[in-house]
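Open the model in your viewer and keep the selection tool at hand. This tour tells you what to pick next and what is there.

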Amino acid sequence: MSETTLGGIAGRMPRFIRRADPAVLTAFACIVLLLFLGSLYSRSFLSPEYLLQQLKVASFLGVIATGMMLVILLGQIDLSVPWSVAMGAMMASAAAAYGPVGVAVAIPFGIICGMLIGVVNGIGVAYLRIPSMIITLATNAVAQGLMVVYTGGFSPQDSATGAMRYLATGFAIPGVPNAVIIWALIGAAMVFVLTRTSFGRAVYGIGNRERAAYLSGIDTRRVVMIAFAVSGGLSAFGGVLLAGYASKAAQSMGDAYLLPSIAAVVLGGTSILGGRGSYLGTVAGVILITLLQSILSVMQMPEAGRQIIYGIVIVAMLLLYGRAPASR
Amino acid sequence: MKDWRYWLAEQRGTLLALGIFIVMFVIYTSNHPAGFTANVVQTAANKGVLLAFVAMAQTLVVITAGIDLSVGMIFTLTNCLASWLVIGTGIETAFGVLAVLGTGLLCGAINGAIVIYGRLQPIVATIATGAVYFGIALLLRPFPGGSVNEDLADALTGRLFGVVPASLVVLLAVVLFVWVPFSRSVLGRAAYAAGSSETAAYMSGVPIRRGKFAAYALAGLLAAVGGLFLTFFTYTGEAAYASGNAYTLFSIAAVVLGGVSLFGGKGSAIGAIFGALAFRTIGDLLFVFDFDPLWQPLFQGVILLIAVSLGAFALFRVRNRLEWFL
């Protein structure tokens, strides 16, 4: 693909550039462009403190987008992200109310709650063959209902535990925020799973053509279900980190992560139809989205303008390289 | 087979939705403290038509095997716009109504252009355009407020001859003047054909692009009618993110309840209307049975989950394992 589009120029370029996906290159080029524009606006855009801070903010989106990418690679989508995030955060905070044991299990408990949503999604998509867009919207509504019932009657424990705060804001290695380390670890695990395990190859296979994958002896339904469970778990983990960052859980905290997580994956060159895409692209997409958000907020753009620019940028970039092939 | 059997098979989804709605509505009114009175019907109709318009909009797009996740945001945007424009003298109000409807049509046309001519996936494209529409709504109404021509609002949300809810009459008019002509036109047939099998439709020389584009554009128009009605009920405009999203979500539920296939090519907007009315009535059942309102979101979510799982019954018709992976 890249050989044909880049033509003769590609021949003179180093091998790693020739092999790279044009979408990933575009995304990285846009990051550089954004940083350049930002530095024209203010010198501090290129300072290490600012960049590190951006990376830290990006890592929450990065964790969530990792799960989203796995699902999108299958050719499905997970729209239950908002309340999976909120549920993870709220359940982890809630567990902390039950003594020292509760504090100890808070983080796993939050993640497991998110995974449960994911498992329901997975059963619906893989075994009942309900379109993923529909079943995940429905589980999102159910999760929202559960959380409203849970918070409504009384004022629940909503402050994050020390461990959650440490994961989100601490520094295990001086100079590198823990959140970034966590994202790096999850990202490395994801790259390993996608490129070095049979599960990862099965994910790409199913994304290309599930029927063929099934006929090659892959238990496609199990793979799809695991992918959704992982996505739910990672969304909830993102929520746990966010709760640690803000030091409390809130009901609508996940709303701001649905569109960005899809956008990050798709802008990173992963095909929304599934079967094609690299994790490096998702990393680029996450950083790109975070930088865009940051620059818009530094320029004191109101929420309305941010939403508009956001939507336009996503459509524009998709029109650049996310188009489906002409059908004839 | 006789003709009526074909008709029955074709209308099965719609009739099922009608049946569910009638059962739910009978349970609702028989348990309502006021009983089956014109007032109860009027209130139920006014709440129901909002979702019915949005569900009709969603149907048009779903028939082409697409989905419009921005439909709730067009609804919100037109609500905010109407709270500025639909006011003043008769002519000003009429102009305002036309401008609001035109905006809806434009939003739908933009969606259609991006999806069809830009060749993007409807899910991502409409999520992104939905963000843009919501942003514009927020620009128009950073805080809830505004007003509307109250004479017109009261006339359209009141009762005709003291009995028939006017909103139902408008709904019927929209069905007669938008849905019926569209579904019987070449473009409407093309939208169905494109949803059923795009390749086969193309090979048969059906104008699929124009058909799909018309479906998306009309969806925007119908969502705008819904937004206009929301303004008539509330007298204000509000850029509420949660409410816009909820309408998108409920419209999908209503479409599924109304027997419209999410894979495209099957179903009708009339089914979706009954689906919407049934969905609203189910939500209202909680109130007549004196449940804690806190449980309403959960209850609606579970209904939604069950409604969409109903679509999975097709699973039992699968004869060959490979049919799982269509």
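**Before you start**

This is a predicted model: local features need pLDDT of at least 70, side-chain atom pairs count only at pLDDT 80 or more, and totals for chains, interfaces and linings use all residues. Residues are numbered from 1 along each chain as its sequence is written, while chains are lettered from A and ligands numbered from 1 in the order in which they are written.

**Stop 1: chain A**

Select chain A. Its secondary structure comes to 15 helices and zero strands. Helices (H or I, at least four residues) and strands (E, at least two) are DSSP runs, numbered from the N terminus. The C-alpha atoms of chain A fill a box of roughly 65 × 55 × 40 Å along the principal axes. A compact globule of 328 residues would have a radius of gyration near 20 Å, and chain A agrees with its 20 Å. That radius is taken over C-alpha atoms, and the globule rule is 2.2 Å times the number of residues to the power 0.38.

How much of chain A is buried? Buried residues make up 50% of its 328 residues. A residue is buried if 20 or more other C-beta atoms lie within 10 Å of its own, exposed if 12 or fewer, and partly exposed in between, with C-beta atoms placed from the backbone. Now look at contacts in chain A between residues at least 6 apart in sequence: 75% of them join residues at least 24 apart. Two residues are in contact if their C-beta atoms, placed from the backbone, lie within 7 Å.

**Stop 2: a helix pair in chain A**

Select residues 48-73 and 178-196 of chain A. These are helices α4(A) and α9(A), whose axes come within 8 Å and cross at roughly 30°. Axes are lines fitted to C-alpha atoms, for helices over the stretch in contact, and angles run from 0 to 180 degrees between N-to-C directions. α4(A) and α9(A) are therefore roughly parallel to each other. Angles under 35 degrees count as roughly parallel, over 145 as roughly antiparallel, 65 to 115 as roughly perpendicular and the rest as oblique.

α4(A) passes α9(A) in a left-handed crossing. A crossing is left-handed if the near helix is turned anticlockwise from the far one by less than a right angle, and right-handed if clockwise. Show the side chains next. Contact residues include A:L55, A:F60 and A:V63 of α4(A) and A:W183, A:I186 and A:M190 of α9(A). The contact divides into nine nonpolar, four polar and one charged residues. Ala, Val, Leu, Ile, Met, Phe, Trp, Tyr, Cys and Pro count as nonpolar, Asp, Glu, Lys and Arg as charged, and the others, Gly among them, as polar.

**Stop 3: A:G118**

Go to A:G118 in helix α6 (residues 99-127) of chain A. Buried or exposed? A:G118 counts as buried, with 29 C-beta neighbours inside 10 Å. Leaving aside neighbours within four places in sequence, A:G118 is in contact with A:F228, A:A229, A:V230, A:S231, A:G232 and A:G233. A:G118 and A:G233 are 115 residues apart in sequence and 7.0 Å apart in space, C-alpha to C-alpha.

**Stop 4: chain B**

Switch to chain B. There are 14 helices and two strands. The C-alpha trace of chain B spans about 55 × 45 × 40 Å along its principal axes. Of its 326 residues, 52% count as buried.

Select residues 186-196 of chain B, helix α9(B). Eight of its 11 residues are buried, among them B:L187, B:Y192 and B:G195. The buried residues of α9(B) pack against α3 (38-63), α8 (166-184), α10 (198-203) and α11 (208-234) of chain B.

Then try B:E92, in helix α5 (residues 90-117) of chain B. B:E92 is partly exposed, with 13 other C-beta atoms within 10 Å.

**Stop 5: where the chains meet**

Show both chains. The contact takes 42 residues from chain B and 46 residues from chain A. On the chain B side, α6 (122-140), α12 (241-257) and α14 (296-310) each supply at least two residues. The largest share, 13 residues, comes from α6(B). By class, that side of chain B has 33 nonpolar, eight polar and one charged residues.
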